[in-house]
Amino acid sequence: MRENDMQDEQSSPHRRHFSIEETVFILLVILSLLGIVITDFSRHDGYGYWMIMVVVFGTLAIFVSWLQAKTSDNDFGKIVKEQGQHWFHTLIVVGAASLIVKSEISASLVILLILSLATMLDGMRIGWQFTLLGFFLLTCAIIVAYVEQFVLACFGLAVLVVIGTFVWGFWLNYQSSEKEN
């Protein structure tokens, strides 16, 4: 009986971190949808919102990396340095894009595309959820550019993506528990 308790304690940090990472993922999806709605109502406010979101995404990516470093042999200082450089460079490119693109709606879409690329690339370090989030942002940018009712379409896509991550996460947990047994 004690052996099972010890195994549960050892596997619980991973499951707890998965829940926290899932919460961060859902929060970023919701913030992305909020940005799309803000961009729809006010192009100027949408532009500023996406600029701020680069910092928010970077901060939450570093937070998730910190969680992952706690359960692995990775050096957190090195991770923070790499993540900090990645998101700082993203912010520089976003700033440059805002100087080049004159239309605020176009600038918002360009920032969204840059944010999607930065998130996808960070997903290679952090995990599949950030990669998926980057693809979600990319798809939303395309939807905003070509679909008149883009808020509803992006909301539907967000629901599918979140449900998909829950299904995938449960499947991964099931697979890992099958390997343990």
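**Reading a helix pair and a buried residue**

Modeller: In this predicted model, helix α3 passes helix α4 in a right-handed crossing.

Biologist: At what angle do the axes of α3 and α4 cross?

Modeller: The axes of α3 (residues 76-100) and α4 (residues 104-126) cross at roughly 165° and come within 10 Å. An angle over 145 degrees counts as roughly antiparallel, and α3 and α4 are therefore roughly antiparallel to each other.

Biologist: Which residues make the contact?

Modeller: On the α3 side they include His86, Trp87, Val93 and Val94; on the α4 side, Ile111, Ile114, Leu115 and Arg125 are among them. By class, the residues of this contact divide into 11 nonpolar, four polar and three charged.

Biologist: What does the side chain of Thr39 make a polar contact with?

Modeller: The partner is the side chain of Trp50, at 3.1 Å. Setting aside neighbours within four places in sequence, Thr39 is in contact with Trp50, Gly46, Ile105 and Ser108.

Biologist: How many helices and strands are there in the chain?

Modeller: The chain has six helices and zero strands. Of its 181 residues, 39% are buried. Among contacts with a separation of 6 or more, 68% join residues 24 or more positions apart.

Conventions: Residues numbered from 1 in each chain as written. Predicted model: local features only at pLDDT ≥ 70, side-chain atom pairs only at ≥ 80, totals over all residues. Heavy atoms only, no water. Polar contact = N/O pair within 3.5 Å; in protein donor to acceptor, adjacent residues only side chain to side chain. Contact = heavy atoms within 4.5 Å. Axes fitted to C-alpha atoms, helices over the stretch in contact; angles between N-to-C directions. Helix = DSSP H or I, 4+ residues; strand = E, 2+ residues; numbered from the N terminus. Parallel < 35°, antiparallel > 145°, perpendicular 65-115°, else oblique. Left-handed = near helix turned anticlockwise from the far one by under 90°. Nonpolar A, V, L, I, M, F, W, Y, C, P; charged D, E, K, R; others polar. Buried < 20%, exposed > 50% of the residue type's maximum accessible area, 1.4 Å probe, protein only.
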